[in-house]
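Welcome, and please open your viewer. This tour goes from stop to stop, telling you what to select and what you will find there.

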Amino acid sequence: MNKAITIPIAVQKPNRAQRVEQLHHDILEELAQLVSRFLSTGEKGVIDLRIRAQDFLADEMQPLRERLGKGEVSAKFEGFGHVDIEETSYPGIWWLSYFDAEEQLETQQIEVAWFPNLLKAQAPDIRQGAARLAAELLGSDASPAVETH
Amino acid sequence: MTDLEKTDSIDSPDFEFPAEPGTVGERLVNLGVSRRGFLKFCTALTSTMALEASMAPKLAYALTTSRPCIIYMSFQECTGCLESLVNSYGTTIENLILTSFSLDYQETLQAAAGTAAEAARNEAMTKNAGKYILVVDGSIPANAKSGYFVSAGESGVDRLNKAAANAAFVVAVGSCAAFGGLPGASPNPTGAVPVSSIIKNKTVVNVSGCPPIAEVITGVLAYYLTNNALPALDANKRPTMYYGKTVHSSCYREENERAGHVANFGDAAARAGGCLRPLGCKGPRTHAACATMRWNQGLSFPIQSGHGCIGCTEPGFWDFGGLYTKTSGGD
């Protein structure tokens with residue numbers, strides 16, 4: 001039994017660069033599956049990098065961001081901090097960077113959808129806006145002058 | 001419509017947050033916060049607490065419809081856990097703990113004192129019997145007649161038993177409540193024991209650490225709020241979602257050790273990321289989320305700042321031996 005213990009066994013673990021590369025590859029594979037599922041079922045998907053890449057630094061996700069490239073659309077949401085929203089070069093795959101009010105990065109998410117949910121105006125907000133607009137019109141001094149000829 | 005269907009439809013353009021009276025939802029409506037802003041808030045919150053992204057809409061729904069009652073009681077402790085909870089995070093944690101939940105009793109934070117405070121606690125426990133969450137920090141002298149820790153004329157054991165009797169479950173926050181901590185360290189003059197040694201007929205969740213990471217404390221509460229169930233626990237009653245891995249296995253210095261780069265006190269290797277195990281780092285046998293969630297809004301953690309892990313989330317860590325004594329084993 002003691003002899004068995006002396007058998008030299010070396011477990012080869014990948015180094016950090018290899019682990020980062022493997023993680024990026026895994027995420028890209030998952031994105032391919034999420035896009036395929038979205039096209040066939042309409043089901044959206046989200047990968048949260050703060051959770052998925054929790055053993056890594058935010059900077060180490062930059063090569064993945066570069067591999068996904070930049071698409072045609074970008075937007076910024078402002079409220080409770082801000083969110084930078086960019087479509088990647090793969091339509092339907094969006095990169096969202098969440099920042100808090102102190103400009104600290106909270107998380108990065110990759111969303112698979114027609115467009116990120118955050119961009120969509122919500123019906124209750126639209127109704128409140130409509131009410132404000134109506135009040136604005138009521139409060140104006142007069143109706144716009146109508147030109148006559 | 002079931003609750004699940006309701007939460008699934010929360011991202012529908014037609015969905016209206018219920019905004020029940022007394023909830024965060026009502027407060028947001030009154031403040032004129034948009035639904036989009038609220039969803040952003042919930043997404044960041046779930047991510048910060050290492051909860052799956054799919055839980056964000058569920059959390060949004062839960063925050064707008066309910067406001068669970070929390071009774072937070074302190075025993076033999078230093079208030080470090082509460083400091084961690086309320087001071088370490090700018091906005092979201094305070095929002096969650098102080099507005100999402102109804103913190104009905106906390107001796108340090110509440111304005112009331114004396115009999116008025118005790119009456120408020122009793123009223124909250126009666127009103128929310130079977131539903132309130134009992135959060136405890138500090139360890140408790142096992143002998144009710146020891147004379148150690150008496151508050152409002154009651155022994156610690158009596159106060160804890162009374163408070164836990166009608167709680168939904170108990171969260172033991174900090175290593176004192178979870179494992180005895182400093183009061184329970186040798187020679188343990190007060191005969192201090194952890195909460196789970198006294199409360200046997202109720203689920204006790206240990207959120208250990210000296211102190212625990214604030215997001216871990218609130219993450220457990222948020223998990224319960226969104227799932228109406230507790231997360232999976234390890235053999236030490238700690239949530240595996242936060243305590244499933246050792247600090248060493250997630251540490252950025254771990255692979256440097258494998259490459260032969262280890263640190264000595266004050267040398268260049270220590271500054272260059274060499275593994276701190278030779279300096280007594282307890283990371284290899286300490287289960288915690290410090291290396292992944294980090295502290296101060298994810299800024300850093302002790303090892304990143306150059307000091308080895310002291311193993312504060314493990315049972316009996318004050319009796320491990322010297323902080324700088326090299327440990328064997330672990331991963």
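Predicted model: local features only at pLDDT ≥ 70, side-chain atom pairs only at ≥ 80, totals over all residues.

Residues are numbered from 1 along each chain as its sequence is written, chains are lettered from A and ligands numbered from 1 in the order in which they are written, and side-chain values use heavy atoms, with hydrogens and water left out.

**Stop 1: chain B as a whole**

Select chain B and switch to a cartoon view. Chain B has 17 helices and nine strands; these are DSSP runs numbered from the N terminus, with helices being H or I of at least four residues and strands E of at least two. Of the 331 residues in chain B, 53% are buried. Next, consider contacts, meaning heavy atoms within 4.5 Å. Among the contacts in chain B with a separation of 6 or more, 75% are between residues 24 or more positions apart.

**Stop 2: the sheet**

Now pick out the five strands of chain B that form an open, parallel sheet in the order 2-1-3-7-9. Its edges are strand 2 (102–106) and strand 9 (204–207) of chain B, each pairing on one side only. On average, neighbouring strands are turned by 20° against each other, direction ignored. For such angles, axes are lines fitted to C-alpha atoms, for helices over the stretch in contact, and values run from 0 to 180 degrees between N-to-C directions.

Zoom in on strand 1 (residues 69–74) of chain B, which pairs with strand 2 of chain B in the parallel sense over four bridges. Two strands count as paired if DSSP finds at least two bridges between them. Select Cys69(B) here, and its bridge partner in strand 2 of chain B is Ser102(B).

Helix 8 (residues 156–164) of chain B lies across strand 1, strand 2, strand 3 (133–137) and strand 7 (169–173) of chain B, at about 155° to strand 3 of chain B. Helix 12 (residues 214–227) of chain B packs on the sheet and touches strand 1, strand 3, strand 7 and strand 9 of chain B, its direction making about 150° with that of strand 9 of chain B.

**Stop 3: aromatic rings**

Show the side chains of Phe, Tyr and Trp. Their rings (for Trp, the six-membered one) pair if the centres lie within 6.5 Å; planes under 30 degrees apart count as stacked, over 60 as edge-to-face and the rest as tilted. The count comes to seven aromatic pairs over all chains. Select Phe169(B) and Tyr224(B): their centres are 4.6 Å apart and their planes at 65°, so this pair is edge-to-face. Because Phe169(B) lies in strand 7 of chain B and Tyr224(B) in helix 12 of chain B, the pair ties together parts that are 55 residues apart in sequence.

Phe265(B) is exposed at 55% relative accessible area, whereas Tyr324(B) is partly exposed at 47%.

Ring pairs also link Phe317(B), Trp318(B) and Phe320(B) into a cluster. A charge sits over a ring if NZ of Lys or CZ of Arg is within 6 Å of the ring centre and within 35 degrees of the ring normal. Arg121(B) lies over the face of Tyr105(B), at 5.1 Å from the ring centre.

**Stop 4: the nonpolar cores**

A nonpolar core is a set of buried Ala, Val, Leu, Ile, Met, Phe, Trp, Tyr and Cys residues joined through side-chain atoms within 4.5 Å. The largest one has 53 residues, and those touching the most other members include Tyr72(B), Val171(B) and Tyr242(B). Helix 12 of chain B gives the most to this core, with seven residues. Apart from it lies another core, of 25 residues, among them Phe75(B) and Val193(B).

**Stop 5: over to chain A**

Finish by selecting Val46(A), in strand 1 (residues 45–48) of chain A. Val46(A) is partly exposed, at 38% relative accessible area. Leaving aside neighbours within four places in sequence, its contacts are Gln109(A), Ile110(A), Glu111(A) and Ala53(B).

Notes. Buried < 20%, exposed > 50% of the residue type's maximum accessible area, 1.4 Å probe, protein only.
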